[in-house]
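This report describes how two parts of a protein are arranged and what is held between them. The text should be read alongside the model.

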Amino acid sequence: MTNRTQVGIVGAGPAGLLLAHLLRLEGIESLVLETRTREEIEATLRAGVLEQGTVNILNDTGVGARMMREGFVHEGVYLRFGGATHRIDFKELTGGRTIMVYAQHEVIKDLVKARLDAGAPIEFGVRDVSLQDLETAAPKIRYRDGAGTLRELACDYAAGCDGFHGVSRPSIPSRKRTEFTRVYPFGWFGILLEAPPATDELIYAHHERGFALVSTRSPQIQRLYLQCDPEDDVKQWPDARIWEELHARLANREGWKLTEGRIFQKGVIAMRSFVVEPMQYGRLFLAGDAAHIVPPTGAKGLNLAVADVWVLARALAAHYRGGGDGLLGQYSATALRRVWRAENFSWWMTSTLHRFHDDTPFHHRLQLAELDSVTSSRARATALAENYVGLPLD
Ligand code: FAD
Ligand code: DHB
């Protein structure tokens, strides 16, 4: 059975759902295809930090109301090292820009609801997705729908928003793409716990036992991470071990105390940097994790996905308004410029804050000197703040 749409979108993560939303506001029809169920995508725990530009896009396009009620605006972050805590004041250093702590799955819920309320389609639970004829003017997406029926979606353009393990990127012939990868020799152990917030802003902690991060989710639920072996299993991390490590890595001379609580979720996150170039092949445009991965330390992954589709939606809108294909032709170069700057920032945050398995006392001292420099030089603190709140979208 063949259906038709203007833009076929593979994947209902932040990239696919926001692209569909932006296109709908431009009067452009799309169909979103997602392998998982609505319940699954709305329950997957991932990012928590939204850049100022991401917040603005969600607000300006009518899907930010719950975020504004339930999210937390943070005006800075703390860097803790050598037992002392230093604040980077985003608002002051960037002329008023801040970040929002609001969980990715809440953004997903808001986008899914907005789309379904508008009567626009998302097909959940699809299988066997494949992309065809991408180098022609009539690309197609074949898949099995939730009932198992084989379908073909004819579209003008395909958007590959299906994450790092999706089918879109491998649909580009390998001779037509260049991939850049770095895998880090550590991961993050993430927990959710029932406790009041221990801090008013995020704490990124450097310690000789490894990195730790204190974030938040709500007045009752906190999100914490600690550096671990990427091969670790959650079974190797009983609660007592988690608390011991967190207390040690977050130790400070200022009397700050970590608030303990019931841990109700644990998971290990692998860390890599990855970019594919270009982010376009024929009529296929890649966006978000399908095209690039950053280690989570700079909180850039979700925000890069948002920036990609913002650029892509404008380019598609220009095309359908009869404004030509200039912006579509520039999509990959425009997106990659921001991607590489975010890759650089995330790599820097990761390298500066984590313990490497081959660390020497010399390397440890260099990391401390780097952190000293960032927290005592206004120029360097400003550079960190500008990157963290997000580079301008234009
Ligand atoms: P995804 O969210 O991966 O969505 C892709 C979707 O496509 C999925 O729903 C998947 O089921 C679907 N799919 C896959 N294959 C197919 C197929 N063949 N057909 C159809 N659908 C398919 N980023 C930040 O900006 N800030 C943070 O604070 C932050 N913290 C993070 C913390 C953790 C623990 C993790 C794991 C990540 C974090 N990130 C953060 C990164 C962020 O979560 C990702 O960059 C973001 O999810 C990318 O969105 P996406 O839409 O490109 O891909
Ligand atoms: C969170 C995740 C991150 O990757 C980060 O750098 C900061 C906060 C979070 O999940 O809250």
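In this predicted model, the centres of domain 1 and domain 2, taken over C-alpha atoms, are separated by 31 Å. Their contact draws 14 residues from domain 1 and 15 residues from domain 2. Domain 1 covers 2–73 + 98–181 + 272–348, while domain 2 covers 186–271 + 356–370.

The size of an interface is often expressed as the accessible area lost when the parts come together. Between domain 1 and domain 2 about 1100 Å² is buried, with carbon and sulfur atoms giving 68% of that area. On the side of domain 1, Leu-45, Pro-296 and Thr-297 lose the most area to domain 2, and together they make up 40% of what that side buries. The side of domain 1 that touches domain 2 comprises 10 nonpolar, 2 polar and 2 charged residues. Across this interface the rule finds 0 salt bridges, although 3 residue pairs are in polar contact.

Ligand 2 lies between the two domains, because domain 1 and domain 2 both give residues to the shell around it. That shell holds 14 residues, and the closest are Tyr-204, Ser-215, Arg-217, Tyr-225 and Pro-296. By class, the shell has 9 nonpolar, 3 polar and 2 charged residues. The table gives distances from an oxygen atom of ligand 2 to an N or O atom of the protein.

| Residue | Part of residue | Distance |
|---|---|---|
| Ser-215 | side chain | 2.6 Å |
| Tyr-225 | side chain | 2.6 Å |
| Thr-297 | backbone | 3.3 Å |

Of the 300 Å² of accessible area that ligand 2 has on its own, the protein covers 96%.

Definitions and conventions: Residues numbered from 1 in each chain as written. Chains lettered and ligands numbered in written order. Predicted model: local features only at pLDDT ≥ 70, side-chain atom pairs only at ≥ 80, totals over all residues. Heavy atoms only, no water. Near = heavy atom within 4 Å. Polar contact = N/O pair within 3.5 Å; in protein donor to acceptor, adjacent residues only side chain to side chain. Areas by Shrake-Rupley, 256 points an atom, 1.4 Å probe, with all protein chains shown as cover. Nonpolar A, V, L, I, M, F, W, Y, C, P; charged D, E, K, R; others polar. Domains from an automatic or database assignment. Contact = heavy atoms within 4.5 Å. Buried area = accessible area lost by both parts, 1.4 Å probe. Salt bridge = Lys/Arg side-chain N within 4 Å of Asp/Glu carboxyl O.
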